[in-house]
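Subject: Structure handed over, with notes

Dear colleague,

Please find below the structure that I promised to pass on to you.

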Amino acid sequence: MIGYVTVGTQDLNRAAAFYDALLGELGASRMMEGERLIAWTAGPKSPGFCVALPFDGQPASAGNGTMVAFAVNSPAEVEALHAKALGLGATDEGAPGPRSDGAFYCAYFRDLDGNKFNAFCMGS
């Protein structure tokens, strides 16, 4: 259902380095880039992720209540992606662990521009 998601950045080069390293952990690589944006995907039939300088010229801002979730296959992958993000300068928004009835295992972080993310898997 989701084709791609875009978040804003203040610094495209800094964001590119962060996401090249982070999304590489998910097997994703750049699929498109231009002066104002870069997009990654894990394959031609997989959803994409894009980071962009806002086209209206205004500063990028993180949406209140907005979050992008990256699906992974295991709790170990949740933990690895969360650790990778923090190692790249992201801030912790919730340590890895089970949530709800334990069927949802996840971790939360914010990127260098304050955008909120979740790494999750179903089952633990």
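A polar contact is a pair of N or O atoms within 3.5 Å, where, within protein, one atom must be able to donate a hydrogen and the other to accept it, and where residues adjacent in sequence count only if both atoms are side-chain atoms. Before using that term, please note that this is a predicted model, in which local features need pLDDT of at least 70 and side-chain atom pairs count only at pLDDT 80 or more, while totals for chains, interfaces and linings use all residues. Residues are numbered from 1 along each chain as its sequence is written, and side-chain values use heavy atoms, with hydrogens and water left out.

I begin with N115, which sits in the loop between β7 and β8 (strands are DSSP runs of E with at least two residues, helices are runs of H or I with at least four, and both are numbered from the N terminus). The side chain of N115 makes a polar contact with the backbone oxygen of G8, at 3.1 Å. N115 is buried, with a relative accessible area of 7%, where buried means under 20%, exposed over 50%, and partly exposed in between, using a 1.4 Å probe and protein chains only. In contrast, S100, in the loop between β6 (91-99) and β7, is exposed at 77%, and S100 has a positive phi of about 60° although it is not a glycine.

Next comes the sheet, in which four strands form an open arrangement in the order β5-β8-β7-β6, with mixed pairing (two strands pair if DSSP finds at least two bridges between them). Because β5 and β6 stand at the edges with a single partner strand each, one side of each is left without a neighbour in the sheet. Between β7 and β8 the pairing is antiparallel, over seven bridges, and Y108 has N118 in β8 as its bridge partner.

Beyond its neighbours within four places in sequence, Y19 is in contact (heavy atoms within 4.5 Å) with residues including W40, F49, V51 and F117.
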